[in-house]
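Let's take a friendly walk through a protein model. Have the sequence and the 3D view ready, and look up each residue as you read.

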Amino acid sequence: MEKFTLKYPFDFEGEKVETLELKARLKGNDLLAAEGEMKIHGIVDPTEAERNLFMAARAVSQPVEVVKAMDLADYVSLANKLPSFL
């Protein structure tokens with residue numbers, strides 16, 4: 001796993017988020033899990049942005065709410081590290 005350091009740390013549920021552990025590779029099961037999580041969140045016809053958010057969450061093994069709370073600059077940097085599936 002690679003450590004991803006945020007330029008703009010933030011608080012999430014009372015804890016400071018400064019770094020995230022980035023999985024080396026995602027699997028087909030991660031895609032299926034992200035699809036299931038989208039359905040749980042009421043997203044049945046996801047946009048590309050929604051799909052990318054949920055896959056990024058899988059890549060850092062965090063709830064999608066953590067990725068949604070990230071500064072956009074950090075999210076873009078994270079997404080750029082994941083070109084094979086985002």
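Predicted model: local features only at pLDDT ≥ 70, side-chain atom pairs only at ≥ 80, totals over all residues.

Start with strand E1, residues 2-12, and strand E2, residues 15-22. E1 and E2 pair in the antiparallel sense, and seven bridges join them. To find your place in this pairing, look for Phe-10, which stands opposite Val-17 in E2.

Two residues lie between the strands of this hairpin, and Glu-13 takes a positive phi near 50° there.

## The nonpolar core

Which residues touch the most other members of the largest nonpolar core? They are Leu-6, Phe-10, Leu-20, Val-67, Met-70 and Leu-78, in a core of 25 residues. H2 gives the most, with five residues.

Setting aside residues up to four places away in sequence, Leu-20 touches Glu-2, Lys-3, Phe-4, Leu-6, Val-60, Gln-62, Val-66 and Met-70.

## A buried charge without a partner

Now find Asp-74 in helix H4. Asp-74 is buried, yet has no salt bridge. How far away is the nearest side chain of opposite charge? That side chain belongs to Lys-7 and is 6.5 Å away, while a salt bridge needs the nitrogen and oxygen within 4 Å.

Beyond its neighbours within four places in sequence, Asp-74 is in contact with Phe-4, Leu-6, Lys-7 and Tyr-8.

## Salt bridges

How many salt bridges does a search of the whole structure find? The search finds four. One of them joins Glu-2 and Lys-81, with the closest N and O atoms 3.0 Å apart. This pair links distant parts of the chain, as Glu-2 is in strand E1 and Lys-81 is in the segment after H4, 79 residues apart. Glu-2 counts as partly exposed because its relative accessibility is 38%, and Lys-81 is partly exposed at 43%.

Elsewhere, Lys-23, Asp-30, Glu-37 and Arg-58 are linked in a network of salt bridges. Asp-30 meets Lys-23 at 3.0 Å, N to O, and also forms a salt bridge with Arg-58, again with the closest N and O atoms 3.0 Å apart. Is Asp-30 buried or exposed? Asp-30 is buried, with a relative accessible area of 5%, whereas Lys-23 is partly exposed at 22% and Arg-58 is partly exposed at 23%.

Conventions:
Residues numbered from 1 in each chain as written. Heavy atoms only, no water. Core = buried A, V, L, I, M, F, W, Y, C linked by side-chain atoms within 4.5 Å. Buried < 20%, exposed > 50% of the residue type's maximum accessible area, 1.4 Å probe, protein only. Helix = DSSP H or I, 4+ residues; strand = E, 2+ residues; numbered from the N terminus. Contact = heavy atoms within 4.5 Å. Pairing = 2+ DSSP bridges. Lys, Arg positive; Asp, Glu negative; His and termini not counted.
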